[in-house]
Amino acid sequence: MKTVLITGANVGIGFATARYLASWQDLRVLLACRNQAKANLAIAAIREANAGANLGFVPLDLFSLASVRRVPEVPTLMGAPPLSGLILNAGGINMKAKSLEFTEDGFERTFQLNFLGHFLPANLLVSSMAARLNLNPAMERLKLNLDRKR
């Protein structure tokens, strides 16, 4: 079994992606969302369409880098298989803001939500995910060819 984590999976494209991937037999889909109640509604809707869906909730507030830093440990604590994929989908902009707004971390909110909030978990998780990659022979040859060109 493999596990994939999707940010912003309770609405829009993230929800559609979670619903689609939940139909795959050997895949655990983790919905990483800020609001657990909304995530639970999304999980219920997906299970209504696919009763056998293997789903979970991961608390994630992209406006808090402390919350983002906790993400890598959550799947392990849940007993989920190691992450095989990240779908970094969440994002947005506050068109009603009259002036710049900042997060508790001191970054402009839109910048943290759309960029830093996704860069950090990707950066924290990519090395552990890459260590589990099984490169096929063609990819191994490509890697060797690229290494020679350095």
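The following conversation concerns a predicted model of a protein.

Visitor: What does the secondary structure come to?
Guide: The protein has six helices and four strands. Along the sequence they follow the pattern β-α-β-α-β-α-α-β-α-α.

Visitor: And how much of it counts as buried?
Guide: Of its 150 residues, 35% count as buried. The accessible surface of the protein is about 9,300 Å², and carbon and sulfur atoms account for 58% of that surface.

Visitor: Which residues make the nonpolar surface patch?
Guide: F107, F111 and F115 make a nonpolar patch of about 300 Å². F111 belongs to helix 5, which covers residues 109-131.

Visitor: How many aromatic pairs are there in the whole structure?
Guide: A search finds two. Y20 and W24 form an edge-to-face pair, with 5.8 Å centre to centre and 75° between the planes. The rings of F111 and F115 have centres 5.8 Å apart and planes at 35°, so that pair is tilted.

Visitor: Why is the F111 and F115 pair about one helical turn apart?
Guide: Because F111 and F115 are four residues apart in helix 5, about one helical turn separates them.

Visitor: Are those two exposed or partly exposed?
Guide: F111 is partly exposed, at 38% relative accessibility, whereas F115 is exposed, at 52%.

Visitor: Back to the other pair: is Y20 buried or exposed?
Guide: Y20 is exposed, with a relative accessible area of 51%. W24 is partly exposed, at 44%.

Visitor: Changing topic, what lies over the face of F63?
Guide: R109 does, at 3.7 Å from the ring centre.

Methods:
Residues numbered from 1 in each chain as written. Predicted model: local features only at pLDDT ≥ 70, side-chain atom pairs only at ≥ 80, totals over all residues. Heavy atoms only, no water. Patch = residues over 30% accessible without salt bridge, like charges linked within 9 Å, V, L, I, M, F, W, Y side chains within 5 Å. Areas by Shrake-Rupley, 256 points an atom, 1.4 Å probe, with all protein chains shown as cover. Salt bridge = Lys/Arg side-chain N within 4 Å of Asp/Glu carboxyl O. Helix = DSSP H or I, 4+ residues; strand = E, 2+ residues; numbered from the N terminus. Buried < 20%, exposed > 50% of the residue type's maximum accessible area, 1.4 Å probe, protein only. Phe/Tyr/Trp six-rings, centres within 6.5 Å; stacked < 30°, edge-to-face > 60°. Lys NZ or Arg CZ within 6 Å of the ring centre and 35° of its normal.
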